[in-house]
Amino acid sequence: MAEIELVSPTPKPERAKPAELVQLIVFRLGDEDYGIRIEQVKEVTVTPEVARMPKTPPFIKGIANLRGDIIAILDLEERFRLRPVGRELPERTYTVAVEAADYTLGLVVREVPRPFTLPVSQIEPAPEFVQDSSTRDKYLEGIAKLPDGNIIIVLDMRKLLTPSEVMRLPGKVASS
């Protein structure tokens, strides 16, 4: 009887899974880059005329008509206290209209935001100490480390405002 030599098949090289990518809309607040996931962004436009509303926090600049929708306009530099002393907003600003669960907000930014794509693996959780401990929901999704050493602070727009702040937005009706 002839002996049979068992030869295991040569293993097929594993295909590297493509890295899961995330697309951000990136803008500057103060001297830092911030980003929002593109699926949370409705549009980017030149800031329309803003009507100031009474009894709103200082970081809510007012309301604006954006293509037929009345939305609250927020200044995140003021909200996060990132604007260097003496630096005012330029005459021409841009608004990033972002959608949260049941409302749309406009975020005022100094320059045209830019799209940016990176692997999800480059976004690390934000350290606990950098977030306001009094905020129940953390509005920082994470910190994106770029190969050039820079970082992008990634915001979760759905958690940016507290429920009580949402109810105080101009044009928002309190539910009974």
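The model is predicted: local features need pLDDT of at least 70, side-chain atom pairs count only at pLDDT 80 or more, and totals for chains, interfaces and linings use all residues. Residues are numbered from 1 along each chain as its sequence is written, and side-chain values use heavy atoms, with hydrogens and water left out. The protein chain has two helices and eleven strands.

**Overall fold**
- Helices (H or I, at least four residues) and strands (E, at least two) are DSSP runs, numbered from the N terminus.
- Along the sequence, the order is β-β-β-β-β-α-β-β-β-β-β-β-α.
- The protein chain has 176 residues, and 41% of them count as buried. Buried means under 20% relative accessible area, exposed over 50%, and partly exposed in between (1.4 Å probe, protein chains only).
- Contact means heavy atoms within 4.5 Å. Among contacts with a separation of 6 or more, 51% come from residues 24 or more positions apart.
- The protein chain has an accessible surface of about 11500 Å², and carbon and sulfur atoms hold 53% of it. Accessible areas come from the Shrake-Rupley method with a 1.4 Å probe; for residues, only the protein chains shown count as cover.

**Nonpolar cores**
- A nonpolar core is a set of buried Ala, Val, Leu, Ile, Met, Phe, Trp, Tyr and Cys residues joined through side-chain atoms within 4.5 Å.
- The largest nonpolar core holds 30 residues; L74, L107 and L155 touch the most other members.
- Elements giving two or more residues to this core are β1 (21–29), β2 (32–37), β5 (69–74), β6 (94–99), β7 (104–109), β10 (140–145) and β11 (151–155).
- A second, separate core has nine residues, including V22, L24, I152 and V154.
- Leaving out residues up to four places away in sequence, L107 touches I36, L74, L76, Y94, T95, V96, V98, M157 and L160.

**T45 in strand β3**
- T45 lies in strand β3 (residues 41–46).
- T45 is buried, because its relative accessible area is 17%.
- Leaving out residues up to four places away in sequence, T45 touches L66, R67, Y94 and T95.

**Pairing around β10**
- Two strands pair if DSSP finds at least two bridges between them.
- Strand β9 (residues 123–124) pairs with β10 in the antiparallel sense over two bridges. E124 has I143 in β10 as its bridge partner.
- β10 also pairs with β11 in the antiparallel sense, over five bridges. Here L140 stands opposite L155 in β11.
- β10 and β11 form a hairpin with five residues between them. In the turn, G149 has a positive phi of about 95°.
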